[in-house]
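Please keep the sequence and the coordinates in view while reading.

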Amino acid sequence: MDLNQVSDEKEKKDLTVTLGVVAYNEEAVIETLLQDISAQDYPHEQMEILLADSASTDETRKKLEAYAARQEALGFRRIRVLDNPKRKQAAGWNVVIQEAREDILIRIDAHASIPKDFVRKNVTLQAEGEWITGGPRPNIIEQPTPWKETLFLAETSMFGSSIAPYRREIGRKYVNSMFHAAYRRKIFQEVGGFNEALGRTEDNELHYRMRQAGYRFCYDPDIISYQHIRNSLSGMIKQKYGNGYWIGRTVKVCPGCLSLYHFVPFVFILGIVITTILCFLRFPWLAAAMWGLYGLLALVMTVTGILKRKKFYISDVLLPLLFLFLHLAYGIGTCIGLCSRKIK
């Protein structure tokens, strides 16, 4: 049996959708996302909205409940505000999965934005026979300033973020993973939910289990969603450190769900350590070669990014240093994650 085929023709015409959001202290952005959800052009009577609050300490819960109170006016099947007492992202998504009733479950991050056709395009692709669908998730800036534009360039550059192919795929194709995916709910009944022992890498592990079960991730560049970047350098560094840390911890649990590109910053850290030791052993040329190559790449990617943007800000001169900070944060995080205790 082909797991990506839908045999019931009626189901293709009447697919219903659960759209889920898990939020923690997102009062600054959650209303914008809720407005995006309200603007979806897929029939609201075929959608339910599940909003999981992870014990927020700000006004997030209040805003979610105010939105749920508008269910009748918005025309959705139902809007529920759910509790995620464990506060972890993976636990929140498991709460949503357990509560979901409809054919398709679409996962949206609280720090995201979706065009009005986002749900419809996912459903259309699934009606063609796909069971997991999605597309690119470019970054966007909240209230742009020159400094935020520089941070944005560091985050979106291939050198600053990731060489993962699914971040820049062109044309419809099958990939190993994707952001803001839409899943047939039946898949979770077979492979289970998110591993709540993981953080940041719960997607990688779940998607690995889905691929092992025979499901394919259909990437369509027309299905676009957006993610707000961190508004500060400290926030961005903290995010990169956390990403690297969970890569290091996850490799002990599910090495098959990670790719080689996840370990590039870790290899960079190893290179720094090894070449530094060799300097003390009177072999300085290796360190000079490594740092020279790194500096050249950082400079080339800085110039390339500025030319592509077609505008220069004085803060852009710091881009090579920002690249270094992000790589160090991610690589050090991976080192510490690898040295931490194994996840049970």
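A residue is called buried when its relative accessible area is under 20%, exposed when it is over 50%, and partly exposed in between, with a 1.4 Å probe and protein chains only. The model is a predicted one, in which local features need pLDDT of at least 70 and side-chain atom pairs count only at pLDDT 80 or more, while totals for chains, interfaces and linings use all residues. Residues are numbered from 1 along each chain as its sequence is written, and side-chain values use heavy atoms, with hydrogens and water left out.

The overall form comes first. The protein chain contains 13 helices and 11 strands; helices (H or I, at least four residues) and strands (E, at least two) are DSSP runs, numbered from the N terminus. The C-alpha trace spans about 70 × 45 × 40 Å along its principal axes. For 344 residues, a compact globule would have a radius of gyration near 20 Å, and the 21 Å of the protein chain agrees with this. That radius is taken over C-alpha atoms, and the globule rule is 2.2 Å times the number of residues to the power 0.38.

Of the 344 residues, 52% are buried. The protein chain exposes about 16,600 Å², of which carbon and sulfur atoms supply 59%; accessible areas come from the Shrake-Rupley method with a 1.4 Å probe, and for residues only the protein chains shown count as cover. A contact means heavy atoms within 4.5 Å. Among contacts between residues at least 6 apart in sequence, 79% join residues at least 24 apart. The mean positions of the 44 positive and 37 negative charges are 7 Å apart. In that count Lys and Arg are positive and Asp and Glu negative, while His and the chain ends are not counted; each charge is placed at NZ of Lys, CZ of Arg, CG of Asp or CD of Glu.

In helix α6 (residues 118-127), the buried residues are Phe118, Val119, Asn122, Val123, Leu125 and Gln126. Seen down the axis of α6, these residues fall within an arc of 160°, so they line one face of the helix; the arc is that of the directions from the helix axis to the C-beta atoms. An α-helix has 3.6 residues a turn, so residues three or four places apart point the same way. The cover over the buried residues of α6 includes β1, β2 (47-53), β4 (104-109), β6 (132-134), β9 and β10 (217-219). Just after α6, Gly129 adopts a positive phi of about 125°. Asp117 is buried, because its relative accessible area is 17%, and beyond its neighbours within four places in sequence it is in contact with Gln40 and Asp41.

In helix α5 (residues 89-99), Ala90, Ala91, Gly92, Trp93, Asn94, Val96 and Ile97 are buried. Their cover includes β1, β2, β3 (78-83), β4, α8 (185-191) and α9 (202-212). Helix α7 (residues 146-156) has eight of its 11 residues buried, so it is largely enclosed by the rest of the structure. Among the buried residues of α7 are Lys148, Glu149 and Glu155, and the cover includes β7 (139-140), α10 (233-250), α12 and α13.

Helix α12 (residues 284-309) holds Tyr294, which is buried, with a relative accessible area of 11%. Not counting residues up to four places away in sequence, Tyr294 touches Phe159, Phe268, Phe323, Leu324 and His327. Tyr294 and Asn94 lie 200 residues apart in sequence and 42 Å apart in space, C-alpha to C-alpha.

The segment after α13 (319-339) contains Lys342, an exposed residue with a relative accessible area of 55%. Leaving aside neighbours within four places in sequence, Lys342 contacts Arg249 and Lys252. From C-alpha to C-alpha, Lys342 and Glu72 are 48 Å apart in space, and 270 residues separate them in sequence.

Two loop residues other than glycine have positive phi values. Asn25, in the loop between β1 (17-23) and α2 (30-38), has a phi near 50° and is partly exposed at 28% relative accessibility. His180, in the loop between β8 (173-175) and β9 (182-184), has a phi of about 45° and is buried, with a relative accessible area of 5%.
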